[in-house]
Amino acid sequence: LASFGSRAHLERKSVAQRSAVRTFLMRAFHFFVKTLCSSAIKDTQCGFKLFTRSAAIPLFANLRLRRWAFDTELVVLSERLG
């Protein structure tokens, strides 16, 4: 079992001030994740992730990214491995 937290329900209440470049990069990242990786998860960057031991072992054994965007790879792997 793998569980991913989300802040998507807070999206409308968000008052973060971002530059136009930052907003563009954020939306581009979300577009590529939704198109190429998974449309089921809206917030891959939320810090909350919970795994059972039986799910964590194969997920982290197959994980290739070690830094930025590793959590996006975890979403993809969890969907592929079931």
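**A close look at helix α3**

Modeller: Let's start with a pair of side chains: Asp-71 and Lys-49 meet in a salt bridge, 4.0 Å from N to O. The term means a side-chain nitrogen of Lys or Arg within 4 Å of a carboxyl oxygen of Asp or Glu. Side chains of opposite charge can pair when their charged atoms come close. By that rule, the count is one salt bridge. Asp-71 sits in helix α3 (residues 70-81) and Lys-49 in strand β2 (residues 49-51), so the pair ties together parts that are 22 residues apart in sequence. Helices (H or I, at least four residues) and strands (E, at least two) are DSSP runs, numbered from the N terminus. Asp-71 counts as buried, at 7% relative accessibility. Buried means under 20% relative accessible area, exposed means over 50%, and partly exposed is in between (1.4 Å probe, protein chains only).

A word on the ground rules: this is a predicted model, where local features need pLDDT of at least 70 and side-chain atom pairs count only at pLDDT 80 or more, while totals for chains, interfaces and linings use all residues. Residues are numbered from 1 along each chain as its sequence is written, and side-chain values use heavy atoms, with hydrogens and water left out.

Now look at Ser-78, which is also in helix α3. Ser-78 is buried, with a relative accessible area of 16%. Leaving out residues up to four places away in sequence, Ser-78 touches Ala-2, Phe-4 and Leu-59; contact here means heavy atoms within 4.5 Å. From Ser-78 to Leu-59 is 19 residues in sequence, and 6.7 Å in space from C-alpha to C-alpha. A polar atom of the Ser-78 side chain also lies 2.8 Å from the backbone oxygen of Val-75.

Next comes the largest nonpolar core, whose six residues are Phe-4, Leu-59, Leu-63, Leu-74, Val-75 and Leu-77. Such a core is a set of buried Ala, Val, Leu, Ile, Met, Phe, Trp, Tyr and Cys residues joined through side-chain atoms within 4.5 Å. Helix α3 supplies the largest share of this core, three residues. Take Leu-74: neighbours within four places in sequence aside, Leu-74 is in contact with Phe-4, Lys-49, Phe-51, Leu-59, Phe-60 and Leu-63. Lys-49 in that list is the salt-bridge partner of Asp-71.

Phe-24 is exposed, with a relative accessible area of 58%.

Along the sequence they follow the pattern β-α-β-α-α. Of the 82 residues, 29% are buried. Among contacts between residues at least 6 apart in sequence, 64% join residues at least 24 apart.

Note on methods. A polar contact is a pair of N or O atoms within 3.5 Å; within protein, one must be able to donate a hydrogen and the other to accept it, and residues adjacent in sequence count only if both atoms are side-chain atoms.
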